[in-house]
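Work through the exercises below with the sequence and the 3D view at hand. Each task is followed by a solution in steps.

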Amino acid sequence: MKLFPLESADKLGLDIVLDRLKTHFRGEATARSQHDFLNPGSHEAVRAELGYVDELQQCLRFDDPIQFLDFPDIQEFLARVLPEGAVLDALELRSIARVLQLAERIGTYFGRRKEKYPLISAELINLVVPSSPADTILGAIEDTGEIRDSASPELNRIRRELVSARGSVRAAAMKALVRASSDGFAADDQPTIRAGRVVIPVRAEAKRKVAGFVHDASATGQTVYIEPEAALHGNNRVRELELEEVREIFLIRERLSSAVRLVLPHTREIRQRLTLFDFRLAKATLGNEMSAIVPKVGNEGVIQIQDGFNPALVLHFNNEGKKRKVIPFSVELGKEHDVLIISGPNAGGKSITMKGIGLITAMVAMGMPVPVDD
């Protein structure tokens, strides 16, 4: 919706309302899309939008919690996974799975309440994806992005062997370190890691007296880190298993990326629907916060407000935690009178009333509930 002049939004207090609206968004993409959503267009579109918001207000007031959680914007990930053979990283895959899981939860919630919320239910009817990879992805990837051992039998085998191989190589290194310590060559009492290999710390002047390979030295040069001969085979085996682990993790990510590609068109639609749902839910939440209602919208050019409150003033007092009472106003224009002259003393409420009329009108045109008597 366009306002004239351009600074009208600030002068009316619409910026206060929209800033507060943003605090209720749960999706990363919603704020970027709000300008598209704020312009329903025709009277019919405004009425339809208000119908969706009205249902959500009733749901928030009287029904079970919706459990609508924060969700990431996956648009970039969906674009990257499109080419055949493309492979997403673990956190990107998990983000897509979270969105699919949230969509299924919301679709199921309203699918069970078709009679109570027919408009919203019809909008969300396709949010459940057949053969969704969400459970598989979330079962394979930790919150941190780590691939679980259970992601594949092969990965489970590799990691079990890794634990055993690392234990063996550390035991061999510890044995060599005890021997070096008894000979007075050790610089510390524990093995350490250098370049991914288990080594032992040896005093620099004794480095030729310990059988093994020098991998590094301390900053002072007083300690060198030697891979004992006895640990060489074990370190090699650990390195082989680590490379196998990397290859298997890539194959797992490749399989999961292919599964996402199979439901790509549906997933794109879900992202758009969830973002729009998020926007409408935010409007309903803000409406309930202001004790606002969805008004009747006509196309006769009539403004009729009964016991209306300036929305910006209501939010200001709510945000400040102030107990001050906002004084309502009533006005009718477009039937018997097209012009209204307001007069009175300073601080008598003239500007607040005029701004309130403009702000309420603008909010209705944006499909938002307004604080007026029903």
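Contact means heavy atoms within 4.5 Å. The model is predicted, with local features needing pLDDT of at least 70 and side-chain atom pairs pLDDT 80 or more, while totals for chains, interfaces and linings use all residues. Residues are numbered from 1 along each chain as its sequence is written, and side-chain values use heavy atoms, without hydrogens and water.

**Exercise 1.** Find which residues Ile66 touches, not counting residues up to four places away in sequence.

*Solution.* Ile66 touches Cys59, Leu60, Ile106, Tyr109, Phe110, Phe277 and Leu281.

**Exercise 2.** Describe the largest nonpolar core.

*Solution.* Such a core is a set of buried Ala, Val, Leu, Ile, Met, Phe, Trp, Tyr and Cys residues joined through side-chain atoms within 4.5 Å; buried means under 20% relative accessible area (1.4 Å probe, protein chains only). The largest one has 46 residues, and Ile66 is among those with the most contacts inside it. Helix α6 gives the largest share, eleven residues. A second, separate core has 32 residues, including Leu14 and Met368.

**Exercise 3.** Work out the strand order of the open sheet.

*Solution.* Strands are DSSP runs (E, at least two residues) and helices likewise (H or I, at least four), numbered from the N terminus. Two strands pair if DSSP finds at least two bridges between them. The order is β1-β2-β4-β3, with antiparallel pairing. β1 (192-194) and β3 (212-217) each have a single partner strand, so one side of each lacks a neighbour in the sheet. Three bridges join β1 to β2 (residues 197-203), and Arg194 stands opposite Arg197 in β2.

Conventions
Buried means under 20% relative accessible area, exposed over 50%, partly exposed in between (1.4 Å probe, protein chains only).
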